[in-house]
Amino acid sequence: MTTTKLDIQAIRDQFPILSQKVNGYPLVYLDNAASNQKPKAVIDAISNYYETTHSNVHRGVHYLSQRATEAFEHGRETMAKFVNARHVNEIVFTSGTTDSINLVAQTWARKFLKEGDEIILSHLEHHSNIVPWQMACEEKGAIIKVIPINEKGELDQEAYRALLSAKTKLVAVNHVSNALGTVNPIKQMAADAHAVGAVFLADGAQATAHVALDVQDLDCDFYTISGHKMYGPTGIGILYGKLDLLNAMPPWRGGGEMIKSVSFEGTTYNELPHKFEAGTPHIEGVIALAAAAQWMMDLGIEAMAAHEDHLLHLATEGLKTIDGLKLIGTADNKASVVSFVVEGVHPFDIGSLLDQMGIAVRTGHHCTEPLMNLLCIPGTVRASFSVYNTEEEVEKLIAGVKKACSMLL
Ligand code: C6P
């Protein structure tokens, strides 16, 4: 497939934050997996909303309330298009991936999980896709099984299929690993889960900025997204869920918006998706998230991914030449992330020295302690790329790591 080549400088120009200096050096922002930066289109969507449209939604008969409601619900339609949902009501707004997974754990799992049932997770999971399931399993007496990984950091598919059984009620794995960058074959994994009657949840936090999504093709039952990792604001994200599942789930948080009628004798609940959206929502968050999704669709997600893959390849090849450096995660199919350790040096020290050179990376366990323990390392240095990063920035990263190592060793 041929993809359009992007004008990266023209894209960078849309990100005001990138033009600053840090510690006397031009900022090289390579912490995109933690949160990426926001284009003018997203920043403007927020200020424009407050300058022209703000009011509460789904409540007022007056002009501004109706306008805010229209913009808010248009945001839902844009997100439905972004993930290719079958129905707009399959998009539930949450505060992000953590909140989305907790929603499923506190509603679906609480209703459907029984003692002795099994949930399958993987060794690549972020704490957000472990702890909510541990809490649900503790309450219900259910059991967690863990898919192992191979030496490249790929999920062992044979071991996964061996774990699946009639006892499996849910499989929850990430689409892209935040610590290693592994892209997991979730379409096949969802089909395998469905073959034993289990529900499949994909944690899409890291995938959304790098992979064109089609939840119908992937046939996921649930898919979770964090807005701030896809050029949108913090505090907003989505839970995609198939209509029949969402309909069967009880509400979670109670309050305004999620009800049809309230009396002290009893309350009836609203229809989807409002049933899961108690209280005044993050209105400008939704509008700006939709602006981010539209911005990505206009650029072309395949073209963005092609540029990031090129940078990932350059970074991988360059870092490999450094003495004592070991790449952590060498999956055949990777996105955006290069993680590494250097023998005899703590990742934190490399990160601190890179920061002094204006280069932002993340160091530590990346909220994947079980994975780090399995690999017997305290953490890694992680550089992660977005569409606005350049070849020159990759060269600065490689030179910066070389310099840090020469200072520390
Ligand atoms: N990972 C990172 O630096 P929230 O915080 O809810 O937006 O996303 C949580 C989350 C869930 N799953 C995966 C795969 C993730 O990568 C993250 C967030 C960030 O890797 C912050 S720890």
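Contact here means heavy atoms within 4.5 Å. The model described is a predicted one.

**Overall form**

The chain folds into 14 helices and 17 strands. Its radius of gyration is 22 Å, close to the 22 Å that the globule rule gives for 409 residues, so the chain is as compact as a globular protein of that length. Of the 409 residues, 56% are buried. Among contacts with a separation of 6 or more, 71% join residues 24 or more positions apart. The exposed surface comes to about 17,000 Å², and carbon and sulfur atoms supply 53% of it.

**Helix α12 and its cover**

Helix α12 spans residues 347-356, and its buried residues are P347, I350, G351, L353 and L354. These residues lie on the same side of α12, because they cover an arc of only 165° around the axis. The elements below are among those that cover the buried residues.

| Covering element | Residues |
|---|---|
| β14 | 337-342 |
| β15 | 359-360 |
| β16 | 362-364 |
| β17 | 380-384 |
| α14 | 391-408 |

After α12 comes G358, with a positive phi near 85°.

**Nonpolar cores**

The largest nonpolar core has 76 residues, of which V83, F200, Y223 and Y231 touch the most other members. Helix α10 (residues 283-299) gives the most to this core, ten residues. Domain 1 (8-30 + 301-408) and domain 2 (44-297) each supply at least three residues to this core. Leaving aside residues up to four places away in sequence, F200 touches residues including Y160, V171, I186, M189, H194 and F222. Apart from this core lies another, of 28 residues, with V28, L325, L327 and L354 among them. L354 is also one of the buried residues of α12.

Definitions and conventions. Residues are numbered from 1 along each chain as its sequence is written. This is a predicted model: local features need pLDDT of at least 70, side-chain atom pairs count only at pLDDT 80 or more; totals for chains, interfaces and linings use all residues. Side-chain values use heavy atoms; hydrogens and water are left out. Buried means under 20% relative accessible area, exposed over 50%, partly exposed in between (1.4 Å probe, protein chains only). Helices (H or I, at least four residues) and strands (E, at least two) are DSSP runs, numbered from the N terminus. The arc is that of the directions from the helix axis to the C-beta atoms. A nonpolar core is a set of buried Ala, Val, Leu, Ile, Met, Phe, Trp, Tyr and Cys residues joined through side-chain atoms within 4.5 Å. Domain bounds come from an automatic or database domain assignment. The radius of gyration is taken over C-alpha atoms; the globule rule is 2.2 Å times the number of residues to the power 0.38. Accessible areas come from the Shrake-Rupley method with a 1.4 Å probe; for residues, only the protein chains shown count as cover.
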